[in-house]
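Open the model in your viewer and keep the sequence panel beside it. The stops below say what to select and what is there.

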Amino acid sequence: MKYGNLLFKMEESSPLPDIKTAEGFQRLYDLYWKKVYTICEAGTHNSEEAKDLTQSIFLSLWQKRNHLTIEGPVENYLFKAAKYQVINYCRNRKIKQYHHSQLPDTEQSNGLHYAENTIFMRQLEKEVHKQLVLVSSQCREVFLLQAEQGLSLKEIAGTKNLSVKTVQYHLSNAKKYLRKKLSAFL
């Protein structure tokens with residue numbers, strides 16, 4: 001990234017605005033936003049990203065205004081902030097591109113995986129219902145209330161007029177039995 005063509009004339013005639021006040025900060029923003037934006041745009045080659053980076057710089061400055069000490073001209077601070085924002089943007093973009101290039105063709109593989117998962121889940125659900133017929137009615141009812149209706153142990157206990165411990169017992173038995181019988185699926 002070259003910033004050689006982006007040298008700006010320093011605003012020596014105007015005193016440094018007090019950025020701790022809204023009016024002073026607005027004055028600073030009005031004086032320098034275009035210059036900061038130009039640096040960001042030159043580094044990103046993307047006007048929308050440059051606007052976002054510029055906004056981020058001034059937002060950060062506003063948020064830190066009460067405890068920030070700027071040594072030297074504020075222009076230098078802003079231009080360095082813009083440079084570092086651009087560097088971070090480029091680094092993050094390269095990382096994203098690298099990770100994206102490492103992924104398989106997701107559009108095609110997601111569709112295939114979705115279809116496979118759907119078929120598998122249907123087969124598993126049929127097998128679970130087939131096996132649940134073989135457990136006690138109490139175990140089956142407790143399991144289905146939790147699995148299909150999403151009821152908590154306390155809610156199941158209230159619905160079935162059982163203690164929470166009894167619900168836990170029946171649920172545990174149903175799950176043990178299903179794990180044992182469905183080990184081929186899992």
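Select Gly 24, which is found in helix H1; helices (H or I, at least four residues) and strands (E, at least two) are DSSP runs, numbered from the N terminus. Gly 24 counts as buried because its relative accessibility is 8%, where buried means under 20% relative accessible area, exposed over 50% and partly exposed in between (1.4 Å probe, protein chains only). Now show what surrounds Gly 24: leaving aside neighbours within four places in sequence, Gly 24 is in contact with Pro 17, Asp 18 and Ile 19. Contact here means heavy atoms within 4.5 Å.

Before going further, note how the model is to be read. This is a predicted model, in which local features need pLDDT of at least 70 and side-chain atom pairs count only at pLDDT 80 or more, while totals for chains, interfaces and linings use all residues. Residues are numbered from 1 along each chain as its sequence is written, and side-chain values use heavy atoms, with hydrogens and water left out.

**Confidence and layout**

Colour by pLDDT, the predictor's confidence in each residue, from 0 to 100. The mean for the protein is 82, and 84% of its residues reach 70 or more.

Switch to a cartoon view. The secondary structure comes to seven helices and zero strands. Of the 186 residues in the protein, 27% are buried. Among contacts between residues at least 6 apart in sequence, 61% join residues at least 24 apart.

**The largest core**

Which residues have the most contacts inside the largest nonpolar core? Select Leu 28, Val 36, Cys 40, Ile 57, Phe 58, Leu 61 and Leu 78; the core has 21 residues. A nonpolar core is a set of buried Ala, Val, Leu, Ile, Met, Phe, Trp, Tyr and Cys residues joined through side-chain atoms within 4.5 Å. H1, helix H2 (47-63) and helix H3 (74-102) each supply at least two residues of this core, and H3 gives the most, with eight residues. In soluble globular proteins, nonpolar side chains tend to be buried together.

Centre on Phe 58. Not counting residues up to four places away in sequence, Phe 58 touches Phe 25, Leu 28, Tyr 29, Tyr 32, Trp 33, Val 36 and Leu 78. Apart from this core lies another, of 16 residues, among them Leu 132, Ile 156, Ala 157 and Val 167.

**Around H7**

Show helix H5 (residues 137-147) and helix H7 (residues 164-181), whose axes come within 8 Å and cross at roughly 90°. Axes are lines fitted to C-alpha atoms, for helices over the stretch in contact, and angles run from 0 to 180 degrees between N-to-C directions. On the H5 side, select Gln 138, Cys 139, Val 142, Phe 143 and Gln 146; on the H7 side, Val 167, His 170, Leu 171, Asn 173, Ala 174, Lys 175 and Leu 178.

Now bring in helix H6. H6 and H7 pack at an angle of about 105°, with their axes 9 Å apart, which makes H6 roughly perpendicular to H7. Leu 153, Lys 154, Ile 156 and Ala 157 in H6 meet Val 164, Val 167, Gln 168 and Leu 171 in H7.

Move to Gln 131 in helix H4, which counts as buried at 10% relative accessibility. Leaving aside neighbours within four places in sequence, Gln 131 is in contact with Tyr 177, Leu 178, Lys 181 and Leu 182.

**Two loop residues**

Select His 45, in the loop between H1 and H2. His 45 has a positive phi of about 60° although it is not a glycine, and counts as exposed at 67% relative accessibility.

Finish at Asn 161, in the loop between helix H6 (153-160) and H7. Asn 161 is not a glycine, yet has a positive phi of about 55°. Is Asn 161 buried or exposed? Asn 161 is exposed, with a relative accessible area of 71%.

Note on methods. Parallel < 35°, antiparallel > 145°, perpendicular 65-115°, else oblique.
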